[in-house]
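Okay, thanks for coming, everyone. Let me put the structure up on the screen, and then we'll walk through it together.

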Amino acid sequence: MTTAPVGKQVLLQRLDGLRQIPTIPAVLAPLLKYLQQPVEQLDVKKVTDLLSQDKSLAAQCLQMANSPLFGRWHKVESLHGAVVSLGFHRVSDIAMSCGVLNMLPGGKTSLDPVIFWEHSLGCALVCRHLARKINLADPEKAYLAGLLHDLGIIVNLWVLPQEFRTAYDIAKAEEIPLHEAEQKSLGFTHCDSGRLLAESWGLAPDLIEVVTFHHFPEKSSQDGGLVALVHIADLLCRMSGLNYGYDEARQVDLFEDEGFAVLAQSCTSVRDFDWARLTFELDSYLEEVHSLVRAVYRT
Amino acid sequence: MRVHPARVLLHGDHRSLLRQRPERLRVTSAPSLHPVASPTGPPEPDLVRIRDLIYEVAGIFHPDSKLSLLRDRCGRRMKELKMKTLREYLECLTLGPVRQTELIALLNDIAIGETCFFRNQQQLDALRHIVLPNILRVKSQLPQRRLRIWSAGCSTGEEPYTLRMLLLDQAHALLKDWSIEILATDLNERSLAHAKEAVYGNYSTRNLTAANRSKYFLPQGDLLQVRPAARSNISFSRLNLSDDARMTFMKGMDAIFCCNVLIYFDLVSKRRVIQHFFNNLLPHGYLFLGRSESLYGVSEDFRLVHLPGATAYVKAERSLTGVNTI
């Protein structure tokens, strides 16, 4: 059955009329603001006090802090211990990651929140890793960009659950990229809806660019390096077990990809980069991400 | 071109002398109880160095999630060499007088257990769902409906038989009216004899689904023999991949599978083999290596492509249509 695309106008109307617009958990805004200060001015107690205000978030953060994915190999028992051993920014990454999970609607959704979160977290980790390897962007910024790139999917799950289900079902049945199915059945993609939310939250301009253009990095108006980096990491995750719950039936040649050309403009070394090794390294994230996400989701 | 400094040189011609039949090797491959096999905490720096050395020299990568496996394999070798620490073993691999033979012995241990039917399901799925349709699309414009696949380094035959089974499943669908030819080559006569006999034990057949087991195998006591249908259209022959003269005769391939074979070759020999593969592959052809095996630093003639859950190599010169999808 085909239905007429709902279009961006309908999306805007529904977003306006929605009482429960997904918001960043109350704790995170002051935390992120506080962490913008120079590190030497930061106080461990202040950070743990801020995080402790949200007990559930604090428990999730502690669980994540104990994962090897965040560099912790020995058990940390407290938020204080986590901040001391992992550092302010790593804890901020963790808190933000849990925040994204908590933004997902409850109940039965088309795209399983666990799968969505695995993809976002996996993409964030690959972005951080890649940024470090090719020395392109600040690894923490790259992590945040990877984590938030699909904000629009959260919007779609909240605002247009039925219509998004149709788009998701088409993507899954036809084994095509989700944004292509959205364009076909909704008339817009999660890039458009993500931009609305990112702007209403007042995210930094480069993060808004990532949310808006991660599927079309060549359209990015600013320096497209970060956008292209997220685009490539997203692509690699979707071609691995960190996809949206289905395999896209296609062959990806990174070197022919438009995003790759944008990335190469910012960083020429990507042409010599060992993409095979990165792909194999991504494999090692799979199990960790799967088990971590399931553990945190139950917390 | 970026090149790995190959610190240890291995020669393809020697590898088969050290390679034993997987069924036989399995007897010695019980989990090691050596003290090094207790992976807790961050990866040991010396183990990471051994991992990087193996990737640099052999092109096979152990991601962090597989380091415990590598640790176990090193442990087994250390036990035999009566070495106590990974540092000692690393030195043996890089500085010791027997480093070349020891590296081959370790690579043999790493490759153990790799051989079985339907070994790499994601690679096979990608072949079935993406690669075959791509190849057929190009070839259907040609008069001859023939598909030629080469299993280079087929060992005891599990790989070519698996490919045959996968293609047989499509005989009345995707491959209707297509003729199939699978060439399976190996250096080792004993492996080839086993392959032709087509009788396998539990270890090789561990990944078989019940459906494939009954469809393609006949029980023979405790063992299983591949049914004649799945043995058809496969020709086994002895071939040394370093034999330049004979390699030039393997022309017209649509796909080449060469899994965990190049790991035994030094950089120069590897490049020569890859050049032959390049010449032998048709323009639309695909080269498949083993899981976590890479051509980085070896060849710029081939380009890495990503398939769902798998990677493959295509000719770099070939033009692709669309953004990045064919």
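By salt bridge I mean a side-chain nitrogen of Lys or Arg within 4 Å of a carboxyl oxygen of Asp or Glu.

Quick housekeeping before I go on. This is a predicted model, so local features need pLDDT of at least 70 and side-chain atom pairs count only at pLDDT 80 or more, while totals for chains, interfaces and linings use all residues. Residues are numbered from 1 along each chain as its sequence is written, chains are lettered from A and ligands numbered from 1 in the order in which they are written, and side-chain values use heavy atoms, with hydrogens and water left out.

Back to the two chains. Between chain A and chain B the count is three salt bridges. There are also ten residue pairs in polar contact, both residues at pLDDT 80 or more. A polar contact here is a pair of N or O atoms within 3.5 Å; within protein, one must be able to donate a hydrogen and the other to accept it, and residues adjacent in sequence count only if both atoms are side-chain atoms.

On chain A, the elements giving two or more residues to the side that touches chain B are helix H14 (225–238) and helix H16 (275–298). H16(A) gives the largest share, eight residues. Helices (H or I, at least four residues) and strands (E, at least two) are DSSP runs, numbered from the N terminus.

How many residues are in contact across the two chains? It's 27 from chain A and 34 from chain B, with contact meaning heavy atoms within 4.5 Å. The area buried between them is about 2800 Å², and carbon and sulfur atoms give 58% of that. Buried area is the accessible area (1.4 Å probe) that two parts lose on being put together, summed over both.

Now inside chain A. Buried means under 20% relative accessible area, exposed over 50%, and partly exposed in between (1.4 Å probe, protein chains only). Among the buried ones are A:Glu209 and A:Phe213. The cover over H13(A) includes helix H8 (139–148), helix H9 (151–159), helix H12 (190–201) and H14 of chain A.

And H14(A) is where you'll find A:Gly225. At 1% relative accessibility, A:Gly225 counts as buried. Leaving out residues up to four places away in sequence, A:Gly225 touches A:Leu136, A:Leu263 and A:Ser266.

Next, helix H5 (residues 79–86) of chain A. Its buried residues are A:Leu79, A:Ala82, A:Val83 and A:Leu86. Seen down the axis of H5(A), they fall within an arc of 95 degrees, so they line one face of the helix; the arc is that of the directions from the helix axis to the C-beta atoms.

Most residues other than glycine have a negative phi. B:Ser155, though, has a positive phi near 50 degrees, and B:Asp177 has one of about 70 degrees. Are they buried or exposed? B:Ser155 is buried, at 8% relative accessible area, whereas B:Asp177 is exposed, at 61%.
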